[in-house]
Amino acid sequence: MCGILPSNSSDTDLSDNGMDGKTDSVLITPVKSSKVKPEDTVPEMGDLSISDNINTSTPSKPSYGHPRSLSAAPKFSLSGSQHTDGYAEARSQVNYYLKDDIDGVQAIAEHNNQTTQQFVTKQAESIAEFIDELVQCVKLGLGKAELENELKATIAAQLKRRSPAGRYTEKTDTDMFNSAVRFLKWLCPGSDSTFSKTNEKHIYPCFVELINFVAELVVRPLLDQQPTSSDQKPKRLVRSYRKTDVKPDNAEGRRRIDMALKCDALNNNSSSDDDEYDEDSIQFSEERLKAKDGRNDERPNYSRIFAVVEVKPDISAANIEKGLAQLVEYSKGVYWNQHNRRFIWGLVSGGSNVKACILGPNFLLASQFMDVTTAAGRLELIGFLVNWSFCELPKLGYDPTIRFNRVHKCFTVDMADSNESKLTQTTYYLRKIVVFAERVFGRHTRCFVVGRQPPSLEAKSDNSGDILIKDAWPEVSGLAEDDMRDESKLLERVSDGLAGHSEFNGLYPKYISGGRMQIQNAHGDSVDDTTRTILGETVWAQLGDLPLRAHMRIAMSGVGEPLKTIQSIPELIVVIYDVMRCHMGILKHCHILHRDISEANILIRHDGTGVHGMLIDFDHAISITDDGYAKHAERTGTVPFMSVSNLENLQPKRTALDDWESIIYILCWLGTFGWNSDTRPSGSVADLNIASWDGNNVMKIANSKRDHMHSSDIFTGITKGFNPNIPYIAALKDIVEGLRAVLIDDHIDSHMTGAIIIQDRIPRDDSNDVFGGYEFKMRPDPFVERAAHWESISERLLAKLKIYAQGAKKLL
């Protein structure tokens with residue numbers, strides 16, 4: 001990378017929208033450079049739901065066992081057109097997550113070492129002073145020739161005060177002049193009659209040149225401000241791609257981002273061929289393996305974008321909201337393609353005013369405006385850009401524990417050993433990316449299939465890996481040792497609790513190691529990698545009761561395939577039975593309730609004895625009391641599969657019956673919509689009754705499920721929508737109807753039957769009541785009544801499902 005601006009600025013394509021990139025200068029015209037020697041380029045680093053625990057996305061999301069090689073990663077797609085609104089979800093997320101005008105956002109990118117940061121601040125001040133001198137030249141009101149000479153003289157004088165160009169750059173004084181005459185239009189309103197600060201496309205090339213001008217000066221410190229230690233040398237250069245208003249190379253759809261930034265590695269920082277890692281290895285893409293020659297380094301690519309920049313013509317509330325929504329929308333592509341991203345930086349500009357933004361698992365923070373037409377605003381923005389070039393890698397939002405191994409030509413993932421200090425690491429070698437982060441906000445769950453040895457040292461037949469690593473950002477409570485909802489602790493309890501029960505082998509992932517990831521703080525100490533440590537105390541104190549999230553990573557053995565790989569309904573029933581007998585075994589022996597039974601959390605596994613199911617993802621699992629109740633009753637799960645009590649947040653708290661109810665909904669969903677392309681219905685499904693089980697109105701969904709589950713006759717309104725073209729679909733109808741009957745109908749106590757709360761009409765004893773002889777009384781909620789008998793009902797459900805599974809096995 002380290003790609004410099006072309007020598008002939010007038011031929012440079014600064015946009016991808018039909019503009020030819022030819023721009024008038026500040027009263028003068030850019031000059032052709034007498035020579036140019038481009039450097040070698042090297043790769044760079046590179047839902048809003050009812051509750052954060054609810055997944056309102058389409059249920060058929062990627063699952064743990066869906067193997068995708070790195071090269072087979074799908075393109076990120078944004079539906080809709082750039083020229084229509086199309087940002088409803090992103091706008092709602094902005095309204096929900098945005099904390100605006102936060103003090104100290106830019107300081108998040110400051111170097112941990114105070115002495116180093118003081119040096120960096122001086123560098124930024126000297127660059128700002130340089131640009132201020134250029135601004136003052138424009139304000140002199142000189143003629144075209146005089147202004148050209150004044151700017152060139154100022155640039156030459158400044159560069160003489162700085163280190164001579166070394167191996168970092170070959171940019172000439174003329175190149176610096178050509179950059180300056182572009183961005184000065186933006187910084188000096190009214191200096192060029194052809195420039196409109198209310199036309200965002202006029203701003204693009206100015207913003208690009210300002211960012212790249214600052215980057216060039218980062219490696220040209222003043223002679224009296226030379227670095228005295230390695231920490232005082234820039235680790236990278238943050239530059240802007242020159243293509244603007246452009247669709248990234250690996251994106252589908254028509255939406256175009258305004259600008260994108262990249263991190264260019266410095267030649268002097270590159271490691272020798274004998275070193276395993278260098279900072280450049282942060283780029284998470286198979287492009288890392290490709291030759292450098294011929295790569296389009298001026299067109300954004302989601303696998304290499306460091307930050308997205310959105311430009312609007314002014315700072316009206318509507319425009320800034322739209323800019324933030326677009327920033328959110330396009331940052332999805334960065335998360336999808338870069339599996340080592342912890343958070344993302346961005347910039348939103350309204351005219352000459354710029355906001356620094358940071359997007360994390362449950363926050364969108366925006367700074368106060370930095371006005372580039374003022375010296376103070378320019379200094380603040382320049383300081384922010386310079387910080388990015390010097391700060392530690394984690395402060396850019398990257399995960400330093402996921403790296404590219406140059407020797408073995410593969411990515412590695414570090415894990416803390418479970419029985420050792422967290423400073424002791426085990427390195428695993430990446431085989432496949434199994435789960436991609438699909439949202440900007442949420443847990444950012446990613447899963448990798450890894451091996452203990454590099455692929456180059458393993459037999460070709462043993463290249464799939466035998467370990468799954470799950471990486472996520474769940475909500476946590478307090479210190480790690482006090483967090484009883486830590487998934488790694490729960491999975492370790494499951495593994496220990498079922499260790500002596502061989503009948504469950506292979507039906508659940510076995511814990512290897514895991515816990516909260518750690519990172520170094522400003523004092524050089526290892527601390528938990530949390531949203532609080534990312535933002536720092538100054539920013540965190542302004543966020544009120546923002547829930548704390550922690551970076552968790554778990555290594556486990558047992559890798560299956562997604563439910564969509566099943567071949568038939570008989571296989572499906574065998575898999576579901578395995579999952580639920582494992583579920584009940586975990587409940588009995590480990591006192592843990594899963595609470596998130598969904599199609600994404602059920603895998604299929606084949607061995608010498610046939611097909612089996614596997615229950616995964618204990619993100620929402622929780623310890624239960626001795627009477628079988630979960631200790632917390634918050635909503636969790638995937639909406640179409642959530643129980644009525646879960647949707648309505650009913651008391652008493654959750655029991656195993658909620659997960660059994662989810663199984664019925666899953667089977668109905670698969671019977672209607674299928675589980676892969678071969679079983680999808682050919683006609684429209686929008687008018688089917690089951691469509692009312694999805695959406696954002698949880699109470700409406702709960703009422704619909706109550707109605708459908710209340711009686712066997714009404715329930716046929718669901719099963720009649722099953723896809724008749726799926727073999728054995730009639731058997732699936734019988735199975736779901738049989739399970740529903742055990743859960744809803746087959747009870748001696750009438751208060752436990754049905755799904756609707758019945759209102760009884762009772763004769764009154766008062767004969768003096770002239771308005772009627774009846775009063776109305778509500779019966780107890782049958783879901784609440786059944787919860788008190790969860791154990792016996794669960795046993796009957798499992799026995800019923802076992803009979804179905806035995807019949808299904810005969811057909812396999």
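In the predicted model described here, strands β9 and β10 are connected by a hairpin of two residues, where strands (E, at least two residues) and helices (H or I, at least four) are DSSP runs numbered from the N terminus. Residues are numbered from 1 along each chain as its sequence is written, and side-chain values use heavy atoms, with hydrogens and water left out. Because the model is predicted, local features need pLDDT of at least 70 and side-chain atom pairs count only at pLDDT 80 or more, whereas totals for chains, interfaces and linings use all residues.

Strand β9 (residues 353–360) runs antiparallel to β10 and is joined to it by four bridges, pairing being assigned if DSSP finds at least two bridges between two strands. Strand β3 (residues 98–99) is also joined to β10, in this case by two bridges and in parallel orientation. Leu365 of β10 is the bridge partner of Ile358 and also that of Lys99. Within β10 (residues 363–366), Phe363 and Leu365 point one way while Leu364 and Ala366 point the other way, and all are buried, that is, under 20% relative accessible area, with exposed meaning over 50% and partly exposed in between (1.4 Å probe, protein chains only).

The largest pocket holds about 1300 Å³ of space. A pocket is an open set of points on a 1 Å grid over the protein atoms alone where a 1.4 Å probe fits, with protein on both sides within 12 Å along at least five of seven lines, and lining residues have an atom within 4 Å of a point; the volume is the space filled by probe spheres set on the points, which are joined across faces, edges and corners. The lining of this pocket comprises 46 residues, with Asn112, Lys395, Ile519, Gln520 and Asn521 nearest its centre. Two or more lining residues come from each of β13 (410–416), β18 (518–520), β19 (526–528) and α9 (531–540), and α9 gives the largest share, eight residues.

No disulfides are found in a search of the whole structure, the criterion being a pair of cysteine sulfur atoms within 2.5 Å. Cys590 is buried, at 5% relative accessibility, and its sulfur lies 8.7 Å from the closest cysteine sulfur, that of Cys582, which is too far for a bond.

Most residues other than glycine have a negative phi. His444, in the loop between β14 (425–435) and β15 (446–451), has a positive phi near 55° and is buried at 5% relative accessibility. His591, in the loop between α10 (569–590) and β22 (592–593), likewise has a positive phi near 55°, but counts as partly exposed at 39% relative accessibility.
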